[in-house]
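Please keep the sequence and the 3D view open while reading.

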Amino acid sequence: MSATASRPWSARLRIEASASQVAAAAIVAAFLLAFLVVPVGRVFLTAFAAAEGGFTLVHFADFFRTSLFIESFWNSLYVAGMSVVFASLLAVPLAVILARYRFPGSALIAVLGVLPLVMPPFVGAVAMQLIFGRNGTVNLLLMDWFDVRLDLMEGLNGVIFVQSLHYFPFILMNLSASLSNIDVSMEEAGQNLGARGANLLRTIVLPLALPGYLAGASLVFVKVFDDLATPLLLNVTNMLAPQAYLRVTSVGLGDPMGYVISVILVVVSVAAMAGSALLLRGRDYATAQRGGGGLSQRRMTRTGRILAWCFVVPALLLVLAPHAGILLLSLATIWSFSPLPDGFTLAHYATVLRETPQFLTNTLLFCGIAALIDVVLGVVIAWLVHRTRLPGRALLDLVAMSALAVPGLVLGIGILRTYFDVHLPGGDSLATSWIMLTIVLAVRRLPYALRAATAALRQVHRSLEEAAENLGAGSATTLARIVVPLMAGGLAAAFVTSFATAAVELSATLVLVTRDVDAPLSYGIYIYMQSAAGRGPGAALGVIAVVVVAICTWAAHAFAERERRRRSRTVEPRGAA
Amino acid sequence: MSAQGVDVEGVSFGYGATRVLEDVSLSIRKGEFFAFLGPSGSGKTTLLRLIAGFGTPDRGRILIGGRDMTRTPPWSRNVGLVFQNYALWPHMTVAQNVAFGLERRRVPRAERDRRVRAALDMVGLAHLIDRRPAQLSGGQQQRVAIARTLAIEPEVLLLDEPLSNLDAALRAGVRQELVELQRRLGLTTILVTHDQEEANAAADRMAVLDGGRVLQIGTPTELYDRPANRFVAAFLGTANLIDGTVEDGVFRAGGIALPLNEPAAPGRVTLALRPQGIRLHRDASGGALAARVLRTEFLGGHVRYTLELQEGQQLTTEEAHLRGRDPLAPGGTVRLEIDPRQVSIL
């Protein structure tokens, strides 16, 4: 209050905020403006700008007159749509078994839901070709035994196959969460009025779980639609994201087509998200009551159990295939035209560590700094939004979260466009420096950290801060001494999550990295995988990446879990009491 | 379908090692408003759910209209259960919720629409037919839940704590409506509640449950006036429970010597005495016993006193508050008289 009183300008503007709050907001806003809003804005402007200046739609007309682009557009839609279909075929039965039945393999299903997430799809893509490709393990055996061949990995099929296997957990987790949020009385009311079995499932359970399914499915659609790295690694270029990448990197930054495609990527992604949000409006079906608790888990019949195992085991093998493949590849002397490698060696790991250790150190440095930026920005934004009355604070939150809807490729192109002509003292372009890559990684992963920080802040009851203020602490002291220490567990989880996901980022990275010495792990994998001889070392790097991500995922989980236990031991302040 | 009676015969039920119901037997007559009254954990809701078919007793039988329904699944019984949380399906409109049971019974469309409207008319909500549950108030949601159950014309109506999710101000009104509806339709109804006032006001007869056992069955006044044991006496209203002995038709405990109105076997007994069975005398001449006022609570319509007899026995009593009669101050003395017609021997 005294701060406001002593500064007449803030009183005149009727801003209910202290100078430090305004300063913090200004710094965050400047960061978001410079590295998210302006670059993405430049992409849009360029897409609609005529060569001689002014607004034009001629580039879009060109786009829709070029058969390659039309084909790419439909291919991207087709691949995203089919990935949703196949991911659903895998995820829906697993979610239903997990949420509704007492099944001894449930722990296995839970593992199934995490395994794909610790391995970026582009890492597994090459291994998948060795297992399911034209001359891969499966087809070689099939040719031997039955003289048939499955074109699982040919062209678009390969992308759909790899993406469905990677992204099905999004549907599995969303759907099983919404299934287990259905109060048991919802089902019992149906039974009481005469419904049973499939009828009950169709009329009550599935409609109630639909919001969860849609949320997961739209996420899968958007992720696949925007993905650049997986199609590139599988040599599929007739899709939108690879086309945009190729235009910008081979034709040049001045070519408008890269920007037009970027705009289309953003528009379709936002439309898919908005469409699912629209469908879900007014359908918040979380019906679980206090004391109640989820659908009743029923015992399975013998036949049911056998059927469930017959589904879960092949699913597990399928999901494990990329992991097993990449591990084998990283240890293989030669693996070509044979079901299994000819021999095993640790040489690839030695090669990677001896010849390109910078991939690892760069990742630690870039992603570590990026995750640190994310945690700091996340805390500041969460605090501004939930603890101050600063005007425009909701907009700040919205802009930071909107990074989720911007494909990495688009942000990368925007950054190139905006900062390519800005030079560092040494003469290098700012856009392609490791500093910019680090900032871009931070922008892309900020939503995760912000969400975690918001959740952690919600756990700190306002009265704990008021007690500090009552004893004479200013807002900065309160934040540093009370709020942040109480949020520590959540923030540690946010740090490792941001770090792990940044470590396997490859869309913006592909666009921004120009030299191997400045390249992180994910780029290194991509470069190695380009040549047959590099596949071994590439796989070794891939295994290292998977291990790093797995450890981080486990650590994030452990931090969150420890925090939850610590909290349940302390007396929680209650709002009403 | 018409209303049916319910017979519960020797039912025991448990989850693993936890016993929930122990040898419960009771008989609910056709068209009766019956209440299961008990504290939480007494097994009353479990018993209700067994009647609806959610769970199978470990021992014993459940008969509805004389037919053994013990192993009949919920969807094949014609028993309407109104859930404590109403369990309205949020993805369906009010009309779709109410029509659900009729669809399962393959009632033709025209007939179905008519009965949906009739059920909603009955609870006075026909104008909200196209709303979704989230757009209704708590009281309206409950009426929809009742209409959804009434639409199938159940043989028995089961109400699981129907008033517990309503504001205190709404409860008395809704309770009266429930009773009126039950009388009009002649429905066999079972109400589960932990609130004695609710059970007293609504039920023709009730069963008091505790620890999975039925302690007493009777009309509300029977249970209040002649409780069978300490639990029932204390659970239904306030009771002074005094341990003493009966000798030659006289109850003695400390300084109390009370000639009993009804014959009682000699020996050690507990006497239950309602607060209104004690009359206070402010003048020194009236009343047989002298007591000191320990505590005075002014409750508006009446004043509650905690009194201590000379021998240390404590009694709770209530006196109607009248203007001009100031409550007795703590520490003061008073004389009192016990009305032998208001006591019962446990």
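## The annotated region of chain B

In this predicted model, residues 6-236 of chain B carry the label "domain: ABC transporter", which comes from an unreviewed UniProt entry.

## A sheet in chain B

Chain B contains an open sheet of 6 strands with mixed pairing, and its strands follow the order β6-β7-β8-β3-β9-β10. The edge strands are β6 and β10 (213-218) of chain B, each of which pairs on one side only. On average, and with direction ignored, neighbouring strands of this sheet are turned by 20° against each other. As a general point, the strands of a sheet pair through backbone hydrogen bonds, and this pairing is either parallel or antiparallel.

In which sense do strands β7 and β8 of chain B pair? Strand β7 (residues 156-160) and strand β8 (residues 188-193) of chain B pair in the parallel sense, over 5 bridges, and B:L157 stands opposite B:T189 in β8(B). Helix α4 (residues 138-150) of chain B packs on the sheet, where it touches β6 and β7 of chain B, and the direction of this helix makes about 170° with that of β6(B).

## Where chain B meets chain A

The contact between the two chains takes 18 residues from chain B and 18 residues from chain A. On the side of chain B that touches chain A, the elements that give two or more residues are β6 (79-82) and α2 (94-104) of chain B, and α2(B) gives the most, with 3 residues. The residues on this side of chain B divide into 12 nonpolar, 4 polar and 2 charged.

## The two domains of chain A

Chain A is divided into domain 1 (18-48 + 348-570) and domain 2 (57-289 + 296-328), and the C-alpha centres of these two domains of chain A lie 26 Å apart.

How many residues of each domain of chain A are in contact with the other? In chain A, 31 residues of domain 1 are in contact with 31 residues of domain 2. On the side of domain 1 that touches domain 2, the elements of chain A that give two or more residues include α3 (19-48), α19 (408-419) and α25 (535-569), and the largest share, 9 residues, comes from α25(A). By class, this side of domain 1 of chain A has 24 nonpolar, 5 polar and 2 charged residues.

Key
Residues are numbered from 1 along each chain as its sequence is written. Chains are lettered from A and ligands numbered from 1 in the order in which they are written. This is a predicted model: local features need pLDDT of at least 70, side-chain atom pairs count only at pLDDT 80 or more; totals for chains, interfaces and linings use all residues. UniProt positions are given in the numbering used here, feature names are shortened, and annotations may be inferred rather than shown by experiment. Two residues are in contact if their C-beta atoms, placed from the backbone, lie within 7 Å. Helices (H or I, at least four residues) and strands (E, at least two) are DSSP runs, numbered from the N terminus. Ala, Val, Leu, Ile, Met, Phe, Trp, Tyr, Cys and Pro count as nonpolar, Asp, Glu, Lys and Arg as charged, and the others, Gly among them, as polar. Domain bounds come from an automatic or database domain assignment. Two strands pair if DSSP finds at least two bridges between them. Axes are lines fitted to C-alpha atoms, for helices over the stretch in contact, and angles run from 0 to 180 degrees between N-to-C directions.
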